[in-house]
Amino acid sequence: MSKALRFLAGLSAVIVPAAISIYAYSKYNDDTKGSELESKKNKKASVTILYGTTTNTAKDYAERLCKRINANPLLQSNYNAQALNLAEYNHEDKFHKEDIVFIICSTWTDGTAPESCREFFTWLEDFAYDFRVSKDHLSNLRFAIFGLGSAYYDVDYCKHLYKAHEQMVELSA
């Protein structure tokens, strides 16, 4: 088996169980009551897969994950997945309204985000540390972050994604 296929198999072994775990969590830990619970059960949750890329590797992973979620009989009845480029995503209006977000992003020079999506990460950092923003602003958001890059980056590997994770936790995601 080629190195790329082994890597993809490994990725699938991580991402698909993560999606199923999110599904199980949402089914068994929903603290809403009454008619609100019924209307929520009848509505498909959105799974937004945001990718930041320079060479389209993250885009390929995002699109594959999206297809797997939408094709999985266990997940497709409850979730509707879409893959979107972070460079084109309207994060200021949509991000806090999402149900589930996967962020798949490559690492660029010195552990930074690719140029095309730096605006999102700058916005998230500003948002997380703005005293005017409630610290539970993203409390309804479930998320996972997956970083791509080279082992040669050493301590800078996916540094922007580690920061994004901390910032999202800071906002109660």
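Trainee: How much of the protein counts as buried?
Mentor: Of its 173 residues, 38% count as buried, meaning under 20% relative accessible area with a 1.4 Å probe, protein chains only. Keep in mind that this is a predicted model, where local features need pLDDT of at least 70, side-chain atom pairs count only at pLDDT 80 or more, and totals for chains, interfaces and linings use all residues. Residues are numbered from 1 along each chain as its sequence is written, and side-chain values use heavy atoms, with hydrogens and water left out.

Trainee: OK, and how many helices and strands are there?
Mentor: Seven helices and four strands, taken as DSSP runs numbered from the N terminus (helices H or I, at least four residues; strands E, at least two).

Trainee: In what order do the elements run?
Mentor: Going from the N terminus, α-α-β-α-α-β-α-β-α-β-α.

Trainee: Switching to pockets: which residues lie nearest the centre of the second largest pocket?
Mentor: A113, F121, E125, H160 and K163, out of 13 lining residues. A pocket here is an open set of points on a 1 Å grid over the protein atoms alone, where a 1.4 Å probe fits, with protein on both sides within 12 Å along at least five of seven lines; lining residues have an atom within 4 Å of a point.

Trainee: Which helix gives the largest share of that lining?
Mentor: α7, with five residues. Both α6 (118–128) and α7 (159–170) supply at least two each.

Trainee: What's the lining like by class?
Mentor: Three nonpolar, five polar and five charged residues.

Conventions. Nonpolar A, V, L, I, M, F, W, Y, C, P; charged D, E, K, R; others polar. Buried < 20%, exposed > 50% of the residue type's maximum accessible area, 1.4 Å probe, protein only.
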